[in-house]
Amino acid sequence: MKRILMMVLRNLLIVPYGWVRLCYRAAHVEKYSEDDMYSFLQWIDLHANRGGNVHIDVHGVENLPEKNGFMFFPNHQGLYDVLAIIEACPRPFSVVAKKEIGNIPFLKQVFACMKAYMIDREDVRQAMQVIINVTKEVKKGRNYLIFAEGTRSKNGNHVGTFKGGSFKSATKAQCPIVPVALVDSFKPFDTNTIRPVTVQVHFLEPIYYEEYKDKKTTEIAAEVQKRIQQVIDANA
C-alpha cells in the first residue's frame, strides 16, 4: 500500500528503533502497565499518521464514561479503524478481533501489546470463552472494543448490519455501551492514494445498562447501528 510505504519512509529514522521496541513489548507485555503500553502505542500511531498524511478529527471525547469498564462499538470500515481510535481516545482500551487480523505484521504486535483477544468465528466454544473472558475483564475496569458488523464494510460510509451476539459481553458485564462513528476510515489503507485524508472519530453518548437491560441483544445492535449511521450521514 502506497500510504503505508510513505508512513515508513517519512519516519525512516525512528522506524528501526520503534519496531524493535514494539516487538519487545509485544513479547513481554507483563513488564508494562496498561497506561504505559497505551502511551507507547499512541506515540507510534501519531508518527505513522503524521508521516502518512492522515489527520484524525475527534468529536465527543466528553461522552466517555467517567469510570473505566465500558465497551466501544464502532462501525468497521477497514484495517485502519483501530489506529484511528487509538489516537482519538485518551483512555486505554483493548480489542476483540477476528483471528485472521492477528496474523498481519504490525497489527499483530499492536494487538499483542493491547492484550487483545483473537476470536475464531468457526469455533463456537472458543468464541464463548472470549465472551466470558472479556466480561470478566470489563467488570474489573478494562475497556474493550468490538466491531459488531463482524467484518469490514465494503460500502465506505454505509454501515453494515450489527450482530446481536457482539453485545453479549456488554450485557453480561452490565457496562456502558459507547457507539463510535467512523467517517472515511477506509481511505488511509483501502484506497490507492497518498493524498492527505481526514478521518473523523465521533464518540457518541453512552448507553447505560438501565437503558438497555430489558432489550434483546438484536434490539441493542439495531439501536447502536442506527445512531452511528445518523452521525455518519450528518458528517460524511
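1. Some ground rules. Residues are numbered from 1 along each chain as its sequence is written. In this predicted model, local features need pLDDT of at least 70 and side-chain atom pairs count only at pLDDT 80 or more, while totals for chains, interfaces and linings use all residues, and side-chain values use heavy atoms, with hydrogens and water left out.

2. Start with helix α1 (residues 2–10), where you will find V8; helices here are DSSP runs of H or I with at least four residues, numbered from the N terminus. V8 is partly exposed, at 33% relative accessible area (buried is under 20%, exposed over 50%, partly exposed in between, with a 1.4 Å probe and protein chains only).

3. Next, look at how α2 (residues 15–27) and α3 (residues 34–51) meet: their axes come within 11 Å and cross at roughly 150°. Axes are lines fitted to C-alpha atoms, for helices over the stretch in contact, with angles from 0 to 180 degrees between N-to-C directions. The two helices are therefore roughly antiparallel (angles over 145 degrees).

4. How many of the eight residues of helix α4 (residues 81–88) are buried? Seven are, so α4 is largely enclosed by the rest of the structure. The buried residues are D81, V82, L83, A84, I85, I86 and A88.

5. Finally, K213 sits in the loop between α9 (209–212) and α10 (217–235). K213 is partly exposed, its relative accessible area being 40%.

Note on methods: Angles under 35 degrees count as roughly parallel, over 145 as roughly antiparallel, 65 to 115 as roughly perpendicular and the rest as oblique.
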